[in-house]
Protein chains: 2
Amino acid sequence: MPGTVAKPGSRLERRRAQTRGALIEAAQRLLAAGRSTVSVLEITQHADVGMGSFYNHFESKEELFAAAVDAAMERHGDLLDALTTGVEDPAEMFARSFRLTGRMQRRYPELTRVLLSRGAAMIVSDRGLAPRALRDITAGKAAGRFTVRDPQLALVAAGGALLGLSQLLESDPGRDGGRDADILAEDLLRMLGVPADEARESCARPLPDLAGLGEDIPPAIA
Amino acid sequence: MPGTVAKPGSRLERRRAQTRGALIEAAQRLLAAGRSTVSVLEITQHADVGMGSFYNHFESKEELFAAAVDAAMERHGDLLDALTTGVEDPAEMFARSFRLTGRMQRRYPELTRVLLSRGAAMIVSDRGLAPRALRDITAGKAAGRFTVRDPQLALVAAGGALLGLSQLLESDPGRDGGRDADILAEDLLRMLGVPADEARESCARPLPDLAGLGEDIPPAIA
């Protein structure tokens, strides 16, 4: 129903939201399976919605894919915020976020594949993890904890390292994701200007129990 | 002519190499234009070769695209090797390579777009820049110049940072690519374990004159 304005909370609005959600979930599944060349018709079949519904929500397949990855990244960022609650030191905050995010590839390989399929665009996105990381790096510089000259470039390095780590873990199932995330977080702390011994110590600290939190996490991708 | 074995140096072999080269160049142009969903037929039309020729050389579009990016990266790596000839210190070698590569986005935006379209896969590739960077990082660790615990992870960070920088420069035409490459190289030297003041000094040194070398560089993408 193009042009129809749904009243907030109305049945029509709820149905529209359901359709949009079904399209986004289908897109996430297809992206995770590496099927980005799929047609709009196939997407609507996967989502079990009418072909015409698609264009009530998205102008193109690319727009849907972008929304699908954005939604996955926002969910991941919310998870990360929850897992770093109560951390005061910017260095500890950064290290914990990076160590936890690096572990996500082994925990949610499908989600990670969606992010990887988007490539480096996620590093300059104004949604998801990038703005959160920039916020933390900027705060660390303001507090004198980090010595980097340009937080935007430090973000690019950290985001790129995360992307690279995810790709490495995806490509090499034998690697220990936790160990690799910890070593890389330590490397990045040094890059940010944290002394080597402090960086080492920070990245050896226990992490929040992911297993315990796991039940609250919605399945990344159905 | 599937199954035909061409004698080395024969006219048939030369023609095969020409056809393969035309397909790879067409693929590089199409990738650079963001047209990765193009059909095999369109690719052969762009390359001005017969549709049947395609499958004498590649099993799929994806295989051709991979070869196209590999060829671009090998050429870039050869260029980099030429531009770091005579450098002895691993830290200086790494810094110069990174600073020169970071500048390539502004110099050859089309080549960079091909690399970006491949995403993080380039970071774990056994061709192009990745093996060269791993070689340099490993040498620096062996020489005691770098203190990183796992050269493979340091490579992932450096490769990811390069990918992120390229994406940032592509997304923001106003940024100074040379300045950004220098600051990021300095950040990465600290990550590798080089003292901050040395890192700063190393990345402020003059670079080989790219303009003078430019005439020897084949156009990245026609």
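Tutor: Let's start at B:L41, which sits in helix α2 (residues 40-47) of chain B. Keep in mind that this is a predicted model.

Student: What makes B:L41 count as exposed?

Tutor: Its neighbour count. B:L41 has 10 C-beta neighbours inside 10 Å, and the exposed label applies at 12 or fewer. The value falls under that cut-off, so B:L41 counts as exposed.

Student: Over to chain A. Which residues of α1(A) are buried?

Tutor: A:L23, A:I24, A:A26, A:A27, A:Q28, A:L30, A:L31 and A:A32. To be called buried, a residue needs 20 or more other C-beta atoms within 10 Å of its own.

Student: Now the pair of chains. Why is the relation between chain A and chain B called a two-fold axis?

Tutor: Chain A superposes on chain B by a rotation of 180° with 0.0 Å of shift along the axis, at an RMSD of 0.1 Å. That is the relation of a two-fold axis.

Student: And how do you know that the copies meet through the same surface?

Tutor: Of the interface residues of chain A, 100% are also interface residues in chain B, so the same surface is used by the copies. The contact takes 32 residues from chain A and 32 residues from chain B.

Student: Which helix gives the largest share of the side of chain A that touches chain B?

Tutor: α8(A), with 15 residues. Both α8 (151-171) and α9 (177-192) of chain A supply at least two residues each to that side. By type, the side of chain A that touches chain B has 19 nonpolar, eight polar and five charged residues.

Student: What domains does chain A have?

Tutor: The domain assignment gives domain 1 (11-58) and domain 2 (69-216). Their centres, taken over C-alpha atoms, are 30 Å apart. Six residues from domain 1 of chain A and six residues from domain 2 of chain A make up the contact. The side of domain 1 that touches domain 2 in chain A has three nonpolar, three polar and no charged residues.

Technical notes:
Residues numbered from 1 in each chain as written. Chains lettered and ligands numbered in written order. Predicted model: local features only at pLDDT ≥ 70, side-chain atom pairs only at ≥ 80, totals over all residues. Least-squares fit on C-alpha atoms with pLDDT ≥ 70 in both. Contact = placed C-beta atoms within 7 Å. Helix = DSSP H or I, 4+ residues; strand = E, 2+ residues; numbered from the N terminus. Nonpolar A, V, L, I, M, F, W, Y, C, P; charged D, E, K, R; others polar. Domains from an automatic or database assignment.
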